[in-house]
Amino acid sequence: MPGAVARRSPGDPLSHAYLSSDACRLRPSACPGLLRIVPALDGGICRVKLARGELSAAQALAIADAIDEHACGIADITNRANLQLRGVKRGHEEPLIAALLHAGLGPSGPQDATHAFADDVRNVMVSPTAGRDANALIDTSTLADDILARLQGDARFAALSPKFALLLDGGERLAMLDHPHDIWLSAMRDPKCDDVLFAFGLAGCPPVAEKHAGAVAAVAASDAAALTHALVHTFLDLAAPEHSRMRDLLAVHSVEDVLTHVESKSGIALLRDASIERWRRAPGDPSLRLGAHTQRDTRRSHVGGQPVLGRMNSETLRGLARLVAHNDGATLRMTPWQSVMLSDIDTTKVASTLQALEALGLACNAQNPLTRVIACAGSAGCAKSLADTKADAMKLAACLPADAQVHLSGCPRSCAAAHRAPYTLLAVAPGRYDLYHTRDPRDPTGFGRCLARGLTIDEAAGMLSRAALPPITPFDEPSDA
Ligand code: SF4
């Protein structure tokens, strides 16, 4: 592995951050990575990016051992289907990184000067049911691997922000469609024939409702990997040093500029007509992440459950590894809902697998309020937090009305959710929150309309229970705008 240095300078927000020398030289950043462990109140944070959200049984065991030995035994699932290891002990950074790399959890390729940035660019999200859903238009697995390999293999992409992210959507029913991505591609049926195309857009999400911005163009499925490569190069060609995300670029360049540049650079024929602009994707169904559902191969099912507040300890990881090992051909995935999915379970073993997940403490039924509450690290782990969001979320879950979905955030940064939850409790003091309501999970302007300020958890639960706050569906037209 690359040599390593500990950066310590008083007052620096990265004080005590541990960076491999390559990570330090190529891109100073406050964003955690496998090779960049950043400090928090409860110790270092190491983010492990999982290709397609997948984790083998051996890797789950390796992480369980590593967090017991080098951290506080906790792994959080992130809203990008990655893992975040918390509480890394001072002085244990180098052996932790070595253990994770040994388990094959780092970027592919040689561990040379390109290694550090190759970890940062591994931000390609696919559905956890990619390749398993009979309703999908295409299996994105191979394409996702191709795109990931291109991202990791191009040294120029070291200039990208570690947050620069892509969505590759095959049209699965279980799909996270509300997280804005710098580049999104979504499978669509060619209206002129039956071929599969990829519609794509910049700095946003695939359109579902009429009001959403449509795709900017589409390409043949065979051009999708080359398109993403050309789009990333185009971003770097046109972006000024202060532009780290696609939305920054679009503030100074038109979409037309970007597409013209892509076409001239790549020679890819972009399909642009009214039918592509009008195209809307079918809404996703997040409830499919929980419980058991038959796959495209009807002899197999995927079975999912939600660890409490997306947090697993080493014993949970070992239990999941055992389940993978005992189910021949099964695959373990993390999901962007901070849940866990076991795919390719023989249908005869579905009931026992569900029982096993529940025995590990995972909530497998959408009626369980713990599947409808998310919370950031809170004051137990983050110095920015004004409240102990995790503890308060548990308190709220005990009295949460049916159907209410709530996000508790210790500050406006909203680490636990990249989209807007229907209800957000934003901490203002220990045990006190402002309550927000939004009908649009893509609302970029904040958490929605403020309904009340400075509520205790009991008061918030009372407000959520009132008839004046009915359950909402994500794409209702706002009545309170
Ligand atoms: S949302 Fe704010 S308080 Fe919560 S973990 Fe992120 S930075 Fe910390």
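This briefing walks through the fold, strands, cores, loops and ligand surroundings of the structure above.

The structure is a predicted model, in which local features need pLDDT of at least 70 and side-chain atom pairs count only at pLDDT 80 or more, while totals for chains, interfaces and linings use all residues. Residues are numbered from 1 along each chain as its sequence is written, and side-chain values use heavy atoms, with hydrogens and water left out. The protein has 13 helices and 22 strands; helices (H or I, at least four residues) and strands (E, at least two) are DSSP runs, numbered from the N terminus. Of its 481 residues, 55% count as buried, where buried means under 20% relative accessible area, exposed over 50%, and partly exposed in between (1.4 Å probe, protein chains only). Among contacts between residues at least 6 apart in sequence, 63% join residues at least 24 apart, with contact meaning heavy atoms within 4.5 Å.

**Strand β6 and its partners**

- Strand β6 covers residues 74–77; I74 and D76 point one way from this strand, A75 and I77 point the other way, and all are buried.
- On one pairing, β6 runs antiparallel to β15 (residues 311–313), joined by three bridges; two strands pair if DSSP finds at least two bridges between them.
- The bridge partner of D76 in β15 is R311.
- β6 also runs antiparallel to β7 (residues 83–88), again through three bridges, and here A75 has L85 as its bridge partner.
- β6 and β7 make a hairpin with five residues between them, and A81 in the turn has a positive phi of about 65 degrees.

**Nonpolar cores**

- As general background, nonpolar side chains tend to be buried together in soluble globular proteins.
- The largest nonpolar core here has 42 residues, of which L55, L83, L85 and M334 touch the most other members; such a core is a set of buried Ala, Val, Leu, Ile, Met, Phe, Trp, Tyr and Cys residues joined through side-chain atoms within 4.5 Å.
- Helix α2 (residues 57–70) gives this core its largest share, six residues.
- This core also draws at least three residues from each of domain 1 (4–112) and domain 3 (286–364), with domain bounds that come from an automatic or database domain assignment.
- Leaving aside neighbours within four places in sequence, L83 is in contact with several residues, among them L55, I63, A75, I77, M312 and M334.
- A second, separate core has 39 residues, including V126, A144, F198 and L259.

**Other strand pairings**

- Strand β13 (residues 291–294) and β14 run antiparallel and are joined by four bridges.
- H293 has H302 as its bridge partner in β14, and the two strands form a hairpin with five residues between them.
- β8 and β9 run parallel and are joined by two bridges, with M125 bridging to L167 in β9.

**Loop residues to look up**

- L309 is in the loop between β14 (300–305) and β15, and has a positive phi of about 55 degrees although it is not a glycine.
- L309 counts as buried because its relative accessibility is 9%.
- Q338 is in the loop between β16 (331–334) and β17 (340–346), and has a positive phi of about 60 degrees although it is not a glycine.
- Q338 counts as buried because its relative accessibility is 9%.
- F157 is in the loop between α5 (141–153) and β9 (166–169), and counts as buried because its relative accessibility is 0%.
- The C-alpha atoms of F157 and V232 are separated by 7.9 Å, although the two residues are 75 apart along the chain.

**Around the ligand**

- The ligand is surrounded by C376, A377, C382, K384, S385, S409, G410, C411, R413, S414 and C415; a residue is near a molecule or strand if one of its heavy atoms lies within 4 Å of it.
- This shell divides into five nonpolar, four polar and two charged residues.
- In that division, Ala, Val, Leu, Ile, Met, Phe, Trp, Tyr, Cys and Pro count as nonpolar, Asp, Glu, Lys and Arg as charged, and the others, Gly among them, as polar.
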